[in-house]
Amino acid sequence: MRLTTYTDYALRTLMYLAAQRDRLVTIQDIADAHGIAKNHLTKVVHQLGILGFVESLRGRKGGLRLGKEPAQINIGAVVRSTEPDFYMAECFDPQKNNCRLSSACILKDTIYQATAAYLAVLDGVTLEILMATSGSPVAPQALFKSIPIRPQPVSAEKPPPLAGLETPV
């Protein structure tokens with residue numbers, strides 16, 4: 001599963017606003033914190049405002065803040081609202097499906113179930129949960145530090161199956 005950059009920016013915006021509850025922030029603040037172009041972020045923030053996730057206050061002392069409490073912002077709802085579709089393969093799009101296997105293929109159903117499970121996990125998460133660590137809010141300074149991520153060496157050993165998803169023998 002891969003989220004679009006648009007959805008990624010939407011989630012980052014909401015997390016930034018949740019971390020900055022004590023003040024109004026600007027789109028430029030968010031753009032600078034994440035190294036994102038302000039123009040791209042403006043479109044995202046506009047849609048988040050239409051959806052009620054973000055409130056925009058105009059004027060000299062204006063800015064952005066969350067439009068709802070973090071506990072009321074469901075991550076699954078945000079993802080569904082910002083992703084254009086969930087066509088995981090050509091066969092999901094009835095307008096563009098040219099796959100000759102579609103009528104007899106069970107892969108589509110399998111992928112559909114996987115997508116539904118993915119969204120079900122996101123439905124169980126709120127912005128409040130994302131912003132919590134051991135019951136304490138994440139410090140805004142710590143949340144937006146750049147952490148270099150290094151690829152982990154690939155093990156030749158087969159990893160153990162995930163609980164509940166074991167392959168029948």
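Visitor: What should I know before reading the numbers?
Guide: This is a predicted model, so local features need pLDDT of at least 70 and side-chain atom pairs count only at pLDDT 80 or more, while totals for chains, interfaces and linings use all residues. Residues are numbered from 1 along each chain as its sequence is written, and side-chain values use heavy atoms, with hydrogens and water left out.

Visitor: How many helices and strands are there?
Guide: The protein chain has seven helices and four strands. Helices (H or I, at least four residues) and strands (E, at least two) are DSSP runs, numbered from the N terminus.

Visitor: In what pattern, along the sequence?
Guide: It reads α-α-α-β-β-α-α-α-β-β-α.

Visitor: What share of the residues is buried?
Guide: Of the 169 residues in the protein chain, 27% are buried. Buried means under 20% relative accessible area, exposed over 50%, partly exposed in between (1.4 Å probe, protein chains only).

Visitor: Which residues touch the most others in the largest nonpolar core?
Guide: Leu14, Leu41 and Leu64, in a core of 30 residues. Helices H1 (5–19), H2 (27–34), H3 (38–50), H4 (75–82) and H5 (107–123) and strand E2 (63–66) each supply at least two residues of this core. H1 gives the most, with eight residues. A nonpolar core is a set of buried Ala, Val, Leu, Ile, Met, Phe, Trp, Tyr and Cys residues joined through side-chain atoms within 4.5 Å.

Visitor: What does leucine 41 touch?
Guide: Tyr9, Thr13, Ile27, Ile30, Ala31 and Ile36, leaving out residues up to four places away in sequence. Contact means heavy atoms within 4.5 Å.

Visitor: Which residues of H2 are buried?
Guide: Ile27, Ile30, Ala31 and His34. They lie on the same side of H2, because they cover an arc of only 100° around the axis. That arc is taken from the directions from the helix axis to the C-beta atoms.

Visitor: Why would that spacing line up?
Guide: An α-helix has 3.6 residues a turn, so residues three or four places apart point the same way.

Visitor: What covers those buried H2 residues?
Guide: The cover includes H1, H3 and E2.

Visitor: And what follows H2?
Guide: Glycine 35, with a positive phi near 70°.

Visitor: New topic. At what angle do H1 and H3 pack?
Guide: About 70°, with their axes 9 Å apart. H1 and H3 are therefore roughly perpendicular to each other. Axes are lines fitted to C-alpha atoms, for helices over the stretch in contact, and angles run from 0 to 180 degrees between N-to-C directions. Under 35 degrees counts as roughly parallel, over 145 as roughly antiparallel, 65 to 115 as roughly perpendicular and the rest as oblique.

Visitor: Which residues make the contact?
Guide: H1 brings Tyr6, Tyr9, Ala10, Thr13 and Leu14. From H3 come His40, Leu41, Lys43, Val44, Val45, Gln47 and Leu48.

Visitor: Where is leucine 127, and is it buried or exposed?
Guide: Leucine 127 is in helix H6 (residues 127–130). At 0% relative accessibility, leucine 127 is buried. Leucine 127 touches Leu14, Met15, Ala18, Leu66, Pro70, Ile73 and Ile75, not counting residues up to four places away in sequence. Its C-alpha atom is 5.6 Å from that of isoleucine 73, 54 residues apart along the chain.

Visitor: What about leucine 122?
Guide: Leucine 122 is in helix H5. It is buried, with a relative accessible area of 17%. Leucine 122 touches Asn74, Ile75, Gly76 and Val79, again not counting residues up to four places away in sequence.
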